[in-house]
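Please keep the sequence to hand while going through them.

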Amino acid sequence: MSALDAARAELALAVLYLNKAEARDKICRAIQYGSKFVSNGEPGTAQNVDKSTSLARKVFRLFKFINDLHGLISPPAPGTPLPLILLGKSKNALLSTFLFLDQFVWLGRTGIYKNKERTDLLGRISLFCWIGSSICTTLVEIGEIGRLSASMKKLEKELKNSDKYKDEQYRIKLQKSNERSLALIKAGIDIVVAVGLLQLAPKKVTPRVTGAFGFVSSLISCYQLLPAPLKAKTS
(Lines give C-alpha, C1' and ligand atoms only; values in the text may rest on other atoms or scores of the structure.)
Protein backbone atom coordinates (compact mmCIF):
# COMPACT_ATOMS: atom_id res chain seq x y z
CA MET A 1 0.00 0.00 0.00
CA SER A 2 1.40 3.37 -1.03
CA ALA A 3 1.64 6.36 1.28
CA LEU A 4 -1.25 8.02 -0.58
CA ASP A 5 -3.46 4.93 -0.22
CA ALA A 6 -2.63 4.78 3.47
CA ALA A 7 -3.53 8.46 3.89
CA ARG A 8 -6.83 7.90 2.06
CA ALA A 9 -7.62 4.94 4.30
CA GLU A 10 -6.87 6.96 7.45
CA LEU A 11 -9.02 9.86 6.23
CA ALA A 12 -11.84 7.46 5.36
CA LEU A 13 -11.62 6.08 8.90
CA ALA A 14 -11.79 9.61 10.33
CA VAL A 15 -14.78 10.53 8.15
CA LEU A 16 -16.62 7.34 9.10
CA TYR A 17 -15.89 8.00 12.77
CA LEU A 18 -16.89 11.68 12.78
CA ASN A 19 -20.09 10.96 10.86
CA LYS A 20 -21.41 9.29 14.01
CA ALA A 21 -23.41 11.67 16.21
CA GLU A 22 -22.40 9.53 19.20
CA ALA A 23 -18.69 10.01 18.41
CA ARG A 24 -19.08 13.80 18.16
CA ASP A 25 -20.97 13.76 21.45
CA LYS A 26 -18.15 11.88 23.20
CA ILE A 27 -15.52 14.23 21.75
CA CYS A 28 -17.52 17.15 23.15
CA ARG A 29 -17.77 15.25 26.43
CA ALA A 30 -13.99 15.01 26.59
CA ILE A 31 -13.76 18.77 26.02
CA GLN A 32 -16.41 19.38 28.69
CA TYR A 33 -14.73 17.34 31.41
CA GLY A 34 -11.26 18.45 30.41
CA SER A 35 -12.46 22.03 30.94
CA LYS A 36 -13.99 21.05 34.28
CA PHE A 37 -10.62 19.62 35.34
CA VAL A 38 -8.83 22.84 34.36
CA SER A 39 -11.36 25.17 35.99
CA ASN A 40 -11.77 23.12 39.20
CA GLY A 41 -15.15 24.82 39.59
CA GLU A 42 -13.67 28.33 39.56
CA PRO A 43 -15.16 31.07 37.32
CA GLY A 44 -13.25 31.76 34.12
CA THR A 45 -12.81 30.71 30.53
CA ALA A 46 -12.49 26.98 31.31
CA GLN A 47 -15.73 26.96 33.30
CA ASN A 48 -17.50 28.80 30.47
CA VAL A 49 -16.30 26.13 28.03
CA ASP A 50 -17.50 23.43 30.45
CA LYS A 51 -21.00 24.92 30.71
CA SER A 52 -21.43 25.77 27.03
CA THR A 53 -20.18 22.34 25.90
CA SER A 54 -22.46 20.62 28.41
CA LEU A 55 -25.45 22.50 26.99
CA ALA A 56 -24.41 21.79 23.40
CA ARG A 57 -24.13 18.04 24.13
CA LYS A 58 -27.78 17.91 25.18
CA VAL A 59 -28.79 18.62 21.57
CA PHE A 60 -26.99 15.43 20.48
CA ARG A 61 -29.07 13.50 23.02
CA LEU A 62 -32.53 14.69 21.94
CA PHE A 63 -34.80 11.63 21.53
CA LYS A 64 -31.87 9.34 22.32
CA PHE A 65 -33.94 7.79 25.12
CA ILE A 66 -35.70 5.79 22.37
CA ASN A 67 -32.55 3.63 21.97
CA ASP A 68 -32.72 2.31 25.53
CA LEU A 69 -36.51 2.14 25.43
CA HIS A 70 -36.11 -0.21 22.46
CA GLY A 71 -33.53 -2.22 24.44
CA LEU A 72 -35.96 -2.41 27.36
CA ILE A 73 -38.70 -4.08 25.33
CA SER A 74 -36.38 -6.24 23.19
CA PRO A 75 -36.01 -9.95 24.10
CA PRO A 76 -32.80 -10.88 25.96
CA ALA A 77 -30.05 -12.99 24.43
CA PRO A 78 -30.77 -16.73 24.71
CA GLY A 79 -29.17 -18.40 27.73
CA THR A 80 -28.79 -15.19 29.76
CA PRO A 81 -29.43 -15.81 33.50
CA LEU A 82 -32.52 -14.12 34.95
CA PRO A 83 -30.56 -11.84 37.37
CA LEU A 84 -28.49 -10.46 34.47
CA ILE A 85 -31.65 -9.97 32.40
CA LEU A 86 -33.28 -8.00 35.22
CA LEU A 87 -30.15 -5.90 35.75
CA GLY A 88 -29.89 -5.23 32.02
CA LYS A 89 -33.53 -4.16 31.77
CA SER A 90 -33.12 -1.96 34.87
CA LYS A 91 -30.12 -0.31 33.22
CA ASN A 92 -32.16 0.34 30.06
CA ALA A 93 -35.06 1.78 32.06
CA LEU A 94 -32.86 4.06 34.17
CA LEU A 95 -30.75 5.28 31.24
CA SER A 96 -33.85 5.92 29.14
CA THR A 97 -35.36 7.93 32.03
CA PHE A 98 -32.12 9.91 32.40
CA LEU A 99 -32.08 10.82 28.70
CA PHE A 100 -35.80 11.64 28.68
CA LEU A 101 -35.54 13.99 31.68
CA ASP A 102 -32.36 15.52 30.28
CA GLN A 103 -34.43 16.96 27.43
CA PHE A 104 -36.43 19.03 29.93
CA VAL A 105 -33.17 20.14 31.55
CA TRP A 106 -32.05 21.36 28.12
CA LEU A 107 -35.34 23.26 27.72
CA GLY A 108 -34.77 24.91 31.10
CA ARG A 109 -31.10 25.79 30.45
CA THR A 110 -31.94 27.39 27.11
CA GLY A 111 -34.73 29.51 28.64
CA ILE A 112 -37.58 27.83 26.79
CA TYR A 113 -38.86 26.37 30.05
CA LYS A 114 -38.94 29.12 32.69
CA ASN A 115 -39.20 27.19 35.98
CA LYS A 116 -35.58 27.08 37.24
CA GLU A 117 -36.34 25.19 40.47
CA ARG A 118 -38.13 22.41 38.62
CA THR A 119 -35.37 22.29 36.01
CA ASP A 120 -32.74 21.84 38.76
CA LEU A 121 -34.89 19.13 40.39
CA LEU A 122 -35.29 17.25 37.12
CA GLY A 123 -31.54 17.58 36.58
CA ARG A 124 -30.80 15.92 39.93
CA ILE A 125 -33.36 13.16 39.36
CA SER A 126 -31.88 12.46 35.92
CA LEU A 127 -28.37 12.22 37.39
CA PHE A 128 -29.59 9.75 40.05
CA CYS A 129 -31.05 7.67 37.20
CA TRP A 130 -27.66 7.82 35.46
CA ILE A 131 -25.77 6.68 38.54
CA GLY A 132 -28.31 3.86 38.95
CA SER A 133 -27.82 2.75 35.35
CA SER A 134 -24.02 2.85 35.80
CA ILE A 135 -24.30 0.62 38.88
CA CYS A 136 -26.49 -1.82 36.92
CA THR A 137 -23.98 -1.77 34.06
CA THR A 138 -21.15 -2.55 36.50
CA LEU A 139 -23.02 -5.56 37.90
CA VAL A 140 -24.00 -6.79 34.42
CA GLU A 141 -20.41 -6.58 33.18
CA ILE A 142 -19.10 -8.41 36.26
CA GLY A 143 -21.63 -11.19 35.66
CA GLU A 144 -20.90 -11.44 31.94
CA ILE A 145 -17.13 -11.47 32.53
CA GLY A 146 -17.66 -14.31 35.00
CA ARG A 147 -19.66 -16.27 32.42
CA LEU A 148 -17.01 -15.67 29.75
CA SER A 149 -14.24 -16.69 32.13
CA ALA A 150 -15.96 -19.99 32.93
CA SER A 151 -16.55 -20.62 29.22
CA MET A 152 -12.91 -19.86 28.39
CA LYS A 153 -11.61 -22.20 31.11
CA LYS A 154 -13.79 -24.97 29.74
CA LEU A 155 -12.45 -24.31 26.25
CA GLU A 156 -8.86 -24.27 27.56
CA LYS A 157 -9.33 -27.81 28.92
CA GLU A 158 -10.53 -28.94 25.50
CA LEU A 159 -7.53 -27.27 23.84
CA LYS A 160 -4.90 -28.31 26.38
CA ASN A 161 -2.81 -30.11 23.75
CA SER A 162 -2.83 -27.19 21.30
CA ASP A 163 -2.18 -23.44 21.22
CA LYS A 164 -5.39 -21.82 22.51
CA TYR A 165 -4.53 -18.49 20.87
CA LYS A 166 -4.73 -20.16 17.45
CA ASP A 167 -8.31 -21.24 18.11
CA GLU A 168 -10.77 -18.73 16.60
CA GLN A 169 -13.50 -19.43 19.17
CA TYR A 170 -11.08 -18.77 22.04
CA ARG A 171 -9.83 -15.54 20.44
CA ILE A 172 -13.40 -14.29 20.02
CA LYS A 173 -14.20 -14.99 23.67
CA LEU A 174 -10.96 -13.31 24.76
CA GLN A 175 -11.82 -10.22 22.72
CA LYS A 176 -15.31 -10.09 24.22
CA SER A 177 -13.81 -10.43 27.70
CA ASN A 178 -11.43 -7.53 27.05
CA GLU A 179 -14.27 -5.38 25.71
CA ARG A 180 -16.43 -6.11 28.75
CA SER A 181 -13.51 -5.42 31.11
CA LEU A 182 -13.10 -2.01 29.51
CA ALA A 183 -16.86 -1.38 29.78
CA LEU A 184 -16.67 -2.36 33.46
CA ILE A 185 -13.86 0.15 34.10
CA LYS A 186 -15.83 2.87 32.29
CA ALA A 187 -19.00 2.16 34.27
CA GLY A 188 -17.05 2.36 37.54
CA ILE A 189 -15.52 5.68 36.48
CA ASP A 190 -18.97 7.02 35.49
CA ILE A 191 -20.26 6.29 38.99
CA VAL A 192 -17.54 8.56 40.40
CA VAL A 193 -18.43 11.24 37.82
CA ALA A 194 -22.12 11.08 38.78
CA VAL A 195 -21.22 11.33 42.48
CA GLY A 196 -19.19 14.44 41.67
CA LEU A 197 -21.95 16.06 39.61
CA LEU A 198 -24.49 15.38 42.36
CA GLN A 199 -22.00 16.63 45.00
CA LEU A 200 -22.65 13.58 47.19
CA ALA A 201 -19.06 13.68 48.49
CA PRO A 202 -17.87 17.26 47.76
CA LYS A 203 -14.72 17.03 49.89
CA LYS A 204 -13.39 13.91 48.17
CA VAL A 205 -14.90 14.15 44.67
CA THR A 206 -14.06 17.76 43.82
CA PRO A 207 -14.78 19.37 40.42
CA ARG A 208 -11.18 18.60 39.42
CA VAL A 209 -11.57 14.92 40.35
CA THR A 210 -14.91 14.83 38.51
CA GLY A 211 -13.26 16.43 35.47
CA ALA A 212 -10.34 13.99 35.48
CA PHE A 213 -12.56 10.91 35.77
CA GLY A 214 -15.02 12.27 33.20
CA PHE A 215 -12.19 12.96 30.75
CA VAL A 216 -10.84 9.41 31.07
CA SER A 217 -14.35 7.98 30.69
CA SER A 218 -14.84 10.08 27.54
CA LEU A 219 -11.58 8.82 26.02
CA ILE A 220 -12.70 5.23 26.68
CA SER A 221 -16.04 5.99 24.97
CA CYS A 222 -14.22 7.49 21.98
CA TYR A 223 -12.08 4.35 21.72
CA GLN A 224 -15.11 2.05 21.97
CA LEU A 225 -16.75 3.87 19.04
CA LEU A 226 -13.84 3.31 16.65
CA PRO A 227 -15.17 1.63 13.48
CA ALA A 228 -13.79 -1.90 13.90
CA PRO A 229 -14.31 -3.27 10.35
CA LEU A 230 -12.45 -0.38 8.66
CA LYS A 231 -9.80 -0.46 11.39
CA ALA A 232 -9.15 -4.10 10.60
CA LYS A 233 -8.66 -3.34 6.90
CA THR A 234 -6.01 -0.71 7.57
CA SER A 235 -4.04 -2.82 10.06
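Predicted model: local features only at pLDDT ≥ 70, side-chain atom pairs only at ≥ 80, totals over all residues.

1. Does A14 count as buried, partly exposed or exposed? A14 counts as partly exposed because its relative accessibility is 34%, where buried means under 20% relative accessible area, exposed means over 50% and partly exposed lies in between, with a 1.4 Å probe and protein chains only.

2. Residues are numbered from 1 along each chain as its sequence is written, and side-chain values use heavy atoms, with hydrogens and water left out.

3. As to the overall fold, the protein has 9 helices and 0 strands, where helices (H or I, at least four residues) and strands (E, at least two) are DSSP runs numbered from the N terminus. The C-alpha atoms fill a box of roughly 70 × 50 × 35 Å, taken along the principal axes, and buried residues make up 37% of the 235 residues. Of the contacts (heavy atoms within 4.5 Å) between residues at least 6 apart in sequence, 72% join residues at least 24 apart.

4. Helix α7 deserves a separate look. Its 31 residues should span 45 Å at 1.5 Å a residue, and its end C-alpha atoms are 45 Å apart, which agrees; the expected span is 1.5 Å times one less than the number of residues. At the start of α7, a side-chain oxygen of D167 reaches to within 3.2 Å of the backbone nitrogen of Q169, and just after the helix Q199 takes a positive phi of about 55 degrees.

5. Within α7, which covers residues 168-198, sits D190. D190 is buried, because its relative accessible area is 4%, and, leaving aside neighbours within four places in sequence, D190 is in contact with R29, W130, S134 and S217.

6. The second largest pocket has a volume of about 250 Å³. A pocket here is an open set of points on a 1 Å grid over the protein atoms alone, where a 1.4 Å probe fits, with protein on both sides within 12 Å along at least five of seven lines, and lining residues have an atom within 4 Å of a point; a volume is the space filled by probe spheres set on the points, which are joined across faces, edges and corners. Among the lining residues are E144, R147, K173, K176 and R180. α7 gives the most to this lining, with 6 residues, and the lining divides into 4 nonpolar, 2 polar and 6 charged residues, where Ala, Val, Leu, Ile, Met, Phe, Trp, Tyr, Cys and Pro count as nonpolar, Asp, Glu, Lys and Arg as charged, and the others, Gly among them, as polar.

7. N40, in the loop between α2 (21-39) and α3 (45-60), has a phi near 55 degrees, a positive value in a residue other than glycine, and N40 counts as partly exposed at 27% relative accessibility. F63, in the loop between α3 and α4 (65-73), has a positive phi of about 65 degrees although it is not a glycine, and F63 counts as exposed at 57%.

Methods:
Polar contact = N/O pair within 3.5 Å; in protein donor to acceptor, adjacent residues only side chain to side chain.
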